[in-house]
Amino acid sequence: MTNPIQSYTFALAGNPNAGKTTLFNHLTGARQHVGNYPGITVDRKEGYLNDNGRKITIVDLPGTYSLTAYSAEELVARDFLVNEKPEVVINIVDASNLERNLYLTTQFLELGVPLVIALNMVDVAKTRGITVQAEKLEEILGVPVVPIVARSGLGTRALLDAACRIAAEGNAWQPLDISYGDDLDATILRLVEVITTSRFLTARYPARFTAIKYLENDEQILDRGRDESPAIAAELEADVARVSQHLQKTLNVFPEAIIADHRYGYLKAVLRDGVITHAFDVDRLYTSDKIDKVVTNRLLGPLIMIGILLGLYQFTFSWSEIPVVWMESFFGWLGATVENLLAEGPLRSLLVSGIIDGVGGVLGFVPLILFMFFGIAVLEDSGYLARVAYMMDRVFRSFGLHGSSVMPFIVSGGIAGGCAVPGVMATRTLRSPKERMATLLTVPFMNCGAKLPVLALLIGAFFADHRALMMFLFTMLAWLVALCAAKFLRLTVLRGESTPFVMELPPYRFPTLRGLLIHTWERTWQYIKKAGTVILAISILLWAMMTYPGLPDAEQQNYTEQRQQVMAAYPETMDEQGGVEAKHQVDAVDERAALLAAIDREESAAALRHSAAGRIGLALESLSRLAGFDWRTNIALIGGFAAKEVIVSTLGTAYSMGDVDAEESASLSKRLQRSDDWNRVVAVAALVFIMFYAPCFVTVACIAKESSWRWAAFSMTFNTIFAFGLAVLVYQVGTILGLG
Amino acid sequence: MTTTSIRNLNCGQSCVISTIRAEGELGRRIRDMGLVPGTVVTIYGRAPLKDPVALKVGGTIVTLRNSEADHIMVTSD
């Protein structure tokens with residue numbers, strides 16, 4: 001007789017920092033799949049393993065401290081349990097901090113899910129003099145308790161066996177009843193009776209669980225209740241309100257506080273029964289505490305932080321330069337190859353300028369993102385990132401942000417030369433939704449690496465004597481504007497109380513290489529998948545805008561005739577002769593090439609002017625004149641919507657300079673100095689506009705993926721209007737004061 | 001034994017939580033972290049700008065802003 005293949009779903013749950021991810025990585029290795037829960041940015045991680053012919057899917061629930069509807073993470077965890085009803089919940093708890101960790105466990109027990117407790121870090125606990133009697137705990141709680149060390153994999157075999165055993169038993173959910181004191185117990189009984197007789201929400205939640213959530217004033221359950229049956233919901237809410245009022249009058253507490261007190265009381269009683277023994281003093285100074293004495297010290301702390309952030313910066317932007325150059329030369333080679341293989345025409349232009357440049361633009365970022373995520377993973381996994389948030393919170397809070405906002409700002413260009421793409425993605429470490437959105441929307445204001453060539457060009461052209469000072473001032477200006485914009489957003493569209501900072505400082509740990517690599521890769525891969533598709537479409541669109549409509553035949557004919565004239569004046573075939581004659585001929589060849597190139601430049605400038613982008617640039621001139629921009633600048637700025645790197649090269653084409661290398665723009669700089677359309681005031685206005693207008697498309701795509709397309713559209717319009725206003729202000733005031 | 005707020009304690013000083021006034025999200029979050037009446041906490045440190053404050057609760061370190069910690073009344077000797 002053969003058994004059908006058994007397949008189980010286990011949910012992995014536990015507090016943040018309890019070792020959940022380590023256990024998940026250990027159990028599933030690289031067989032993981034990362035997705036998103038619909039509508040929110042909480043990762044949904046699944047892993048698969050084959051265990052003695054059983055197919056096991058492990059869902060890594062987000063780390064939470066409780067099952068109330070406090071954050072998106074908690075909602076996700078709870079909804080998963082009640083909607084998808086996994087066979088077993090593996091609850092990982094930190095043995096060295098049992099009481100707080102078991103608080104979540106009591107809520108699983110109250111929900112009644114089949115539970116297996118993984119008692120993690122028994123080794124760490126032992127060094128701290130803590131021994132936990134697993135059998136005793138198992139006996140009292142009535143669920144299997146398996147001691148493990150997730151980092152080494154010790155005990156994971158026994159854990160899987162226990163989970164499979166529970167899954168095979170397939171028992172119905174058995175909620176645990178905890179007493180919440182006379183007042184509340186009586187109320188709970190009343191509520192449970194109403195809930196049971198009317199089958200109110202019972203398809204999803206046990207009756208007692210619903211009753212407790214009503215007492216805890218749990219928004220999500222209250223909403224669901226109102227949807228299910230307004231009458232019964234009103235009845236329950238009225239009863240709860242009565243009890244709540246009574247408790248406030250007599251004891252000056254809310255029911256939810258009493259419930260929490262009793263849960264902890266229950267746990268204290270459980271642990272007192274000889275489950276935990278402390279061999280020596282609990283307040284001994286652990287290694288982690290010693291490190292914190294230095295690392296978060298009033299004077300040393302900020303210095304060390306600056307050092308570490310500079311190190312991260314150096315690591316990300318300098319070390320990734322080599323692979324970035326590889327990528328660039330690969331796409332350069334690909335472009336050149338295609339150019340040689342195909343005849344000149346729209347197809348070649350589309351392939352080279354539209355597709356290869358666009359995809360190359362996205363993939364060119366990959367090494368940078370890979371390095372940055374690796375660096376952040378090190379800081380995150382070691383526990384340092386939480387300390388940065390802790391030290392910086394006071395400053396960032398003044399602007400309506402959160403201590404954790406510091407990392408995205410630095411990465412995006414807080415020290416000039418970052419990149420907003422990894423910056424936007426780094427906002428994931430923020431758990432407070434409003435602060436996260438404000439960070440997400442303001443990090444593109446920082447001076448990323450792509451804005452630097454523009455800064456260098458304009459500062460070089462108009463402030464050649466004060467380069468370093470101007471560079472510094474513009475970096476400071478970026479910080480000032482970004483932080484003030486954040487404050488503005490938090491006072492308007494993202495209005496609301498600041499999210500409580502209440503946060504855990506995890507103990508310092510050596511990150512495992514495997515954990516780092518998995519973290520880095522899954523984030524990078526998400527970037528490639530998400531940004532790639534959107535960017536391709538946009539870059540083709542932009543290419544089309546700058547190429548079509550092409551020059552009319554008559555004008556093309558005109559340029560062709562000019563070329564023919566030059567060729568006639570300097571015949572190509574020249575005899576090989578020696579002496580003065582030869583010298584003269586070399587000059588003639590050079591002259592001929594120069595004249596032809598000049599015609600080419602004229603033609604591409606004319607073509608650009610004739611294209612859709614050029615027409616838009618011309619049409620906008622009357623408006624953009626308010627900020628001092630001529631139509632040529634407008635075209636360059638339109639190109640900048642795709643990528644800020646494009647600005648310098650488009651400006652070059654528009655000013656008939658041919659292809660200008662962003663890194664070597666000396667000739668363009670001279671041309672701008674001579675131009676009547678440019679002066680110091682225009683340069684500052686243009687810089688201000690370029691620094692703060694719509695983020696590049698890669699960033700916009702990332703903002704959309706991290707929030708929604710609505711926010712991405714908001715970011716483009718808000719930033720552009722804001723930047724234009726600022727540029728107009730600079731230009732008008734500067735012109736009135738006669739600074740040009 | 002005096003009842004005071006966490007703001008008035010020095011680093012390294014221990015105290016026992018007597019009452020927690022916070023409600024709603026903040027109250028829930030504080031309790032989830034194991035900060036309930038009767039718990040012994042030690043001031044672990046303060047950030048360089050004196051805010052937030054880090055508390056040692058059992059085996060973990062929990063940080064709160066001073067304005068949030070003001071909801072917690074403690075007794076210390």
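Helices here are DSSP runs of H or I with at least four residues, strands are runs of E with at least two, and both are numbered from the N terminus. All the views come from a predicted model, in which local features need pLDDT of at least 70, side-chain atom pairs count only at pLDDT 80 or more, and totals for chains, interfaces and linings use all residues. Residues are numbered from 1 along each chain as its sequence is written, while chains are lettered from A and ligands numbered from 1 in the order in which they are written.

**View 1. Leu201(A), a residue other than glycine with positive phi.** Look for Leu201(A) in the loop that runs between α7 (181-197) and α8 (207-215) of chain A. Its phi is near 60°. Is Leu201(A) buried or exposed? Leu201(A) is buried, as 22 other C-beta atoms lie within 10 Å. (Buried takes 20 or more other C-beta atoms within 10 Å of the residue's own, exposed 12 or fewer, and partly exposed is in between; C-beta atoms are placed from the backbone.)

**View 2. Met121(A), with a positive phi in a residue other than glycine.** Here the loop sits between β6 (115-120) and α4 (122-127) of chain A. Phi of Met121(A) is near 60°, and the residue is buried, with 25 other C-beta atoms within 10 Å.

**View 3. The cis peptide bond between Tyr548(A) and Pro549(A).** Omega for this bond is about -10°. Pro549(A) belongs to the loop between α23 (513-547) and α24 (553-569) of chain A.

**View 4. A cis peptide bond in chain B, from Asp51(B) to Pro52(B).** Omega is near 0° for this bond. To find Pro52(B), follow chain B to the loop between β3 (40-46) and β4 (53-57).

**View 5. Domain 1 and domain 2 of chain A.** The bounds, 7-169 for domain 1 and 181-278 for domain 2, come from an automatic or database domain assignment. Their C-alpha centres lie 25 Å apart. Domain 1 of chain A brings 21 residues to the contact and domain 2 of chain A brings 21 residues, where two residues are in contact if their C-beta atoms, placed from the backbone, lie within 7 Å. On the side of domain 1 that touches domain 2, α2 (72-84), α3 (98-111), β7 (130-132) and α5 (134-141) of chain A each supply at least two residues. Which element gives the most to this side? That is α3(A), with seven residues.
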